[in-house]
Amino acid sequence: MLTYYELVLLACVTTSLLAALGNEVWLSLLGAAAHAPGRPKLCPQYLPERGAVARGAGERRPPPPAPHHRPPAAVTPPRMWLDCSAAQPQFGTAQELAGGKSGPSGLRRSSERSESAEPRSDRGSAHTSGLNGLRNIGNTCFMNSVLQCLSNTRPLLEYVTEDKHAADINTTLSCMKGALIKAFATVIKELWRSGERDAVVNTTSLKSQVQRFAPRFMGYSQQDAQEFLRYLLEGMHEDVNRVTVKPKPILTEIDDSLSDSAKAAEAWARYLRMEDSRVGDIFVGQLKSTLRCTHCNHDSVTFDPFWDLSLPIPSRTGNLKLQQCLQHFVREEELDGDEKPTCSKCGVRRKCLKWFTVQKFPQVLVLHLKRFSPTERFRGKLSVCVEFPLSGLDMAPFAAARGSRPIYNLYAVSNHSGTTYSGHYTAYCKHPYTGEWHEYNDSRVTPISPRNVVSPEAYVLFYELQRS
């Protein structure tokens, strides 16, 4: 009979043999996988690192091994599909398959990530962050193009990725109680996962919150990108409005004897009593409207906030410059006949001249090219190429105050290709940290040359005020 010590020794030897056999089986399976059709080559230097996954830029993650290739249950199989062309391994776990973001291969990824994966404004991997796509969940290209433009709006990007919005959530006056901007922040954070690119982010949760705030976006029919942008910004502004107690309205008119600059300041102060948010700080400007009576030459001025400027396209053919559209927007318009307003000085209806100028310029100036007419159903889309500058847009000619010289640089464009009631939206965006241009076409993100940014499909232009 074997003694107790002999039995222990035999058990240890048997265990070692089984472990060696298991490793041999697993390594042989890896070798077979390396030569299987469609598999990337295995990097020997990475074989000992369990769970390491390396992908080259733009490469799709290969599918997992077929069930009959799995190693025995006694050996925990690492997800180890490796590409020798990739410089660094990335780690993947089984939990990545359980909901959240989906990569190019269609695998679902978990939205539960560690805090260290959150993007930062001083991110060392800024050159690869922010280059992820958005899943089209049914005619949502209009939403995707706008989201990518906002994702590259640096002040808004850093406001949500650094969680500064969390302290501003308005739970008293906001109808959404912060749900809309929280859903938006989640999508933006997914787009800017540190060092990650070529993944695809799902927007279903955000769309459901947008539908709650603006039921007009229910369903999956094609919508207008500029209209969606306006509702989204106003909804997020409401979610982080610094005004938490509704103030009593001011019913008196602004004193007409004040100077125009004093009237503008009073009008802006009244606006901020009700509407004051970081979103507004970025996007809202002030428009001055002047009405001049042709009989007594009295000027009546009003000041109104704006989120964007809708510019007419004054020609159906040929090429135009953006400055021509801006000049057409601020040109004098004669109001006569049935359009005659009442002169505040004469007290009767008079023929008047009306024109616009910009009193206060926002940090981000959004210009909407009016390619579609809401009143002329069968007019069709105006596909005139409007040439716009990528840098150095001088807005001084359109400023109400003399001496003001705001200069803007383009950083994003929402494009529309197709016809009036059908078509497809894409976006061209300049990376806020590297300055490189990319085309965002739903799930696909590809580099684009700056000389190709100007096109007849340009629909909504995003300009950022040049820092002095």
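This dialogue goes through a few features of a predicted model.

Biologist: At what angle do the axes of helix H3 and helix H4 cross?

Modeller: Helices (H or I, at least four residues) and strands (E, at least two) are DSSP runs, numbered from the N terminus. Axes are lines fitted to C-alpha atoms, for helices over the stretch in contact, and angles run from 0 to 180 degrees between N-to-C directions. Here the axes of H3 (residues 154-161) and H4 (residues 179-191) cross at roughly 100 degrees and come within 9 Å. H3 is therefore roughly perpendicular to H4; the classes are roughly parallel under 35 degrees, roughly antiparallel over 145, roughly perpendicular from 65 to 115, and oblique for the rest.

Biologist: Which residues in H3 and H4 meet?

Modeller: Contact means heavy atoms within 4.5 Å. On the H3 side, Leu156, Leu157, Tyr159, Val160 and Thr161 meet Ile181, Phe184, Ala185, Ile188 and Lys189 in H4.

Biologist: Which way do the residues of strand E11 point?

Modeller: In a regular strand, side chains alternate between the two faces of the sheet. In E11, Val364, Val366 and His368 point one way, and Leu365, Leu367 and Leu369 the other way. Six of the six residues of E11 (residues 364-369) are buried, where buried means under 20% relative accessible area, exposed over 50%, and partly exposed in between (1.4 Å probe, protein chains only).

Biologist: Which strands pair with E11?

Modeller: Two strands pair if DSSP finds at least two bridges between them. Strand E7 (residues 309-311) pairs with E11 in the parallel sense over three bridges, and Leu309 stands opposite Leu367. Strand E18 (residues 458-465) runs antiparallel to E11 and is joined to E11 by five bridges; there the bridge partner of Leu367 is Leu461.

Biologist: How many disulfides does the structure have?

Modeller: A disulfide is a covalent bond between the sulfur atoms of two cysteines. The criterion is a pair of cysteine sulfur atoms within 2.5 Å, and a search of the whole structure finds zero disulfides. The sulfur of Cys352 has its closest cysteine sulfur in Cys293, 4.9 Å away, too far for a bond. Cys352 is buried, with a relative accessible area of 1%.

Conventions. Residues numbered from 1 in each chain as written. Predicted model: local features only at pLDDT ≥ 70, side-chain atom pairs only at ≥ 80, totals over all residues. Heavy atoms only, no water.
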